[in-house]
Amino acid sequence: MPPVSANFLLHTAIISSQVIILACGYGFVGAVLYYDYLSPPDQVASLWEHHPQELTTVVTLIATVLSVTTTTLFTISIKEALRYRITQPISLVELGAGVALAKGSIILRHEHLRLTTMTLFIFGILRLLTAGWITLLTPTYFLWPIQMQGSELDVSGTAFSNLLYQEFQTEGINAIQDNSFAILNIGGTLSGVSAAGYNFGLPGIFNFNGVKYDVSTQGIVPTIESYSGSNGVPGPGGTRLGFTGGKVTVDTVSLPGKHTSLSIPQGFSRNYSMWQQGLTADVSCQPMSSSQTQYVWDTSNSSVIYSNPDNVYNSITGLRLWNITANCGANVPTTQEYVTVVNASGYADQSDSGFLPSLVCPGPSDLNQSYTSLTILSEGFYKYRFLEASVCEVVPMLTTVRADYANGLISSEVISSIPFRSENEQLLSFIAGAIAFQCTYSQGLLSSTIGDTLYSVYSSTTNTSINDNAGNQTQVYQELEEYWRGIVEFSATFLRSGFMVVGSFPNNTVPSNLSSPVNGTMYISTIGWTRRSATYFISILPFTIITVLMGASGLYSILHGRRKNSGYRTTFDPSNPLHLIMASAEAGKASPVAPADGSLRLQGFDDIGITANERVKVQLQDDGVGKKFVAVY
């Protein structure tokens, strides 16, 4: 077996080294494309988060080392190929281009456009190596999606309607105005205020049971454990309709991905986007026209029930009892009583006192449909006189919402909605009762929470007085619509919370016939590598081109190295200007004795000759015929 030549071993080592480097690059890209997402260990990610500049420097250094290694291997490969190429006829401009490539440089000769373009292209590819490695190796911030699935309480079906009816009977709730809804007072008011002000530019963060909602609850409860709010355990009677706060059970888990061997990072933060069941209302408010006589709205029945004009130390000098009545269908009048403060003459202060009575009719405005909506009748007096006798049509809607959980806040968007059906009559009764409670207890002796909300929002968002020419009635009615919508949504959240709080069901598990599916996505904020369309392929393209060129030049050198009498000399470096000058000066035939005329005579290509030639001093002279190097001794 003939011995393996050093030439073959050299080029095999060069090509193998570059192929290994390229394989690492393609392997990394392949892993990213296969797994979709790759992230370093949490400790490394934490270091990157807190020391990004230092770790970026490390990545840049690694990319530079890989780039310099590839460039060095490429120049050696080109130099070796050029060593064989010059043993055959070659033009000087081609030789110059080869020398430029071997030195990682370019030629700029417009008359030789092909060679200029080739050197510029390869020069540019070499300069892109570092940028390509940095693009591949530098992790970026991204959101890692993980699918989530679970269940929650379904308030839309017959099973829940029957359960709610049983609770009504257990609690002794026989009328929608029952005081058992007192727990809704503060929460409902705050929800209404938040919703009313948000559309006109006021902040709208609403808190309930330890959970922060953006503007309003949209009728949902948290389905993510870290956003579930209170960790308290309710006492006896503190569940379902008697809910007073506590930990809401969460039945949502993450689903394993298609690559179960891939560990999921803890990440810097976690956001969630969940599709779940909600409840809202379409509310339309307008003045009560003279033709809407079916309501028989009557606010004229009132009388002074207390009067003490001599009371000096007590600000209450008189009290007036109001009997507000309306017809909610079947010619059965609905009555609500209120008490307000009046002066000794039986009249209220027009500027400081406010009276805004409201009645709820659990049915539509035409009084002929089934109970799938409700109507609110209202009118403002004294400082609330900007609100005329009005009717608000409230149509509750069962919704599918996309709830986004981020930065400790839950914000929701309605994706689809359907109106109540006949099986939702008990749910409508609960909502009507919650609104009726607000209507009754929002009115105090001197003012109304509803009226103050309308007045405050209007005054905070406009430059005119609400009482100037009765104010902007359009905005007033829009505020009122949003207020009632907030009340409806909060009542649904309250109801869900009461039935999903720990202790409401055995083993804190909602029965399957009362469950509604929940699904969505968890987004883990971390650093790493993910699909970037063509970015990775573009960044690895320079490595591929250089490897192909390196392989071609190596193969050329191996094939020509096998030829006999090829003129191969191990000491000749075509990229070394001195070696080219020695070859041009025919140093092999030169005399070792310095000529008297100063002509350039160089020694041979052995080690002694090359060392001696490196010490020779030359000078470019013009003898009138041409330019030439002459030796200076």
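Which residue's side chain meets that of E482 in a salt bridge? Select E482 together with R485, whose side chains meet in a salt bridge at 2.6 Å, N to O; the term stands for a side-chain nitrogen of Lys or Arg within 4 Å of a carboxyl oxygen of Asp or Glu.

Before going further, note that this is a predicted model, in which local features need pLDDT of at least 70 and side-chain atom pairs count only at pLDDT 80 or more, while totals for chains, interfaces and linings use all residues. Residues are numbered from 1 along each chain as its sequence is written, and side-chain values use heavy atoms, with hydrogens and water left out.

**Stop one: helix α10**

Colour residues 473-500, which form helix α10 and hold both E482 and R485, 3 residues apart, about one turn of the helix; helices here are DSSP runs of H or I with at least four residues, strands are runs of E with at least two, and both are numbered from the N terminus. E489 and R485 are 4 residues apart in helix α10, and so are separated by about one helical turn. R485 is buried, with a relative accessible area of 14%, and E489 is buried at 0%, where buried means under 20% relative accessible area, exposed over 50% and partly exposed in between, with a 1.4 Å probe and protein chains only.

**Stop two: D36 and R531**

Move to D36 and R531, whose side chains meet in a salt bridge at 2.6 Å, N to O. The pair links distant parts of the chain, 495 residues apart, with D36 in the loop between α1 (6-35) and β1 (37-38) and R531 in the loop between β16 (515-530) and α11 (535-561). D36 is buried at 18% relative accessible area, whereas R531 is partly exposed at 47%. A search of the whole structure finds 10 salt bridges.

**Stop three: α8 against α10**

Finally, show helix α8 (residues 425-441) beside α10: their axes come within 10 Å and cross at roughly 125°, the axes being lines fitted to C-alpha atoms over the stretch in contact, with angles running from 0 to 180 degrees between N-to-C directions. For the side chains at this crossing, select residues including F430, I431 and Q438 in α8, and W484, I487 and S491 in α10, contact meaning heavy atoms within 4.5 Å.
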